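Look at the model first.

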Amino acid sequence: MLRAQRAALAGLIRAAEGVPGPGRARSSRLLPLPCGAARPEPRGWREAVAAAVGALQEGGLVAVPTDTVYGVACLAQDSRAVRSIYSLKGRNGTKPLAICLGDVEHIYRYCHVNVPDELLQDLLPGPVTLVLKRSEELNKDLNPFTSLVGVRIPNHPFIRELARACPGPLALTSANVSSQASTLTVSEFQDLWPQLSLVVDGGPIGDVQSPQCRLGSTVVDLSVSGKFTIIRPGCALTATVEILRQKYGLVPESS
């Protein structure tokens, strides 16, 4: 899977030189993202990550491939950028955004964890969003209506490298307007491009003809000790529940 993802990332980065309003034409530059079969080509990889980090640090929104569907990211600690994501999605701010990190050990800074570290390592990186109690380190303007936050560490090399290169967590959501289908190619969310600072084209994610490939991550609430609640079945439900129940003895919240 990782080899296929890396090969797909031989696509393009489409970077807007400005972020004009809706309906206005924008110019863009194309940056090849070369990669090898075993590891991404170092120079091209650094250029791509640097371009994305630069856009994020300027408060921009960046479209990125993940291990499930295309996503849109901003710096989670940047309140203005967070508001921009809500505007992009057509949300009123009451539907929470997940945070995206590069490695499991970073979770402990932004969340209160009450499950074994081994459980986190078993599920992440992967197509799972873990909902945990948020810590005081997280931006209070991110999902201010809840004490919980979803955590993603996608099993995709580009977004993990991007997350590691940023000074704090990314806020991450799917690259589509709320209530519309998730997207598997950059052309499927082309209507959003004028509102984005950067579009990273990693090629098609999965089979674009398969509805199963558009399910997104499995979202599971682990905020209650010894229990779990499936918030969204997603694409990894069976494997996730098997790990939680059989290996760690967690029981469904309703039990």
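Q: Where does T66 lie?
A: This is a predicted model, where local features need pLDDT of at least 70, side-chain atom pairs count only at pLDDT 80 or more, and totals for chains, interfaces and linings use all residues. Residues are numbered from 1 along each chain as its sequence is written, and side-chain values use heavy atoms, leaving out hydrogens and water. Strands are DSSP E runs of at least two residues, numbered from the N terminus. T66 sits in the loop between β3 and β4.

Q: Does T66 count as buried or exposed?
A: Buried means under 20% relative accessible area, exposed over 50%, partly exposed in between (1.4 Å probe, protein chains only). T66 has 3% relative accessibility, so T66 counts as buried.

Q: Which backbone oxygen does the side chain of T66 reach?
A: A polar atom of the T66 side chain also lies 3.1 Å from the backbone nitrogen of T68. The oxygen is reached at 2.6 Å, and belongs to V69.

Q: In what sense do β3 and β4 pair?
A: Strands pair if DSSP finds at least two bridges between them. β3 (residues 62–65) and β4 (residues 70–75) form a hairpin with four residues between them. A63 has V72 as its bridge partner in β4. Over four bridges, the sense is antiparallel.

Q: Which residue in β10 is the bridge partner of V62?
A: β10 covers residues 198–200 and runs parallel to β3, with two bridges joining them. The partner of V62 is L198.

Technical notes: A polar contact is a pair of N or O atoms within 3.5 Å; within protein, one must be able to donate a hydrogen and the other to accept it, and residues adjacent in sequence count only if both atoms are side-chain atoms.
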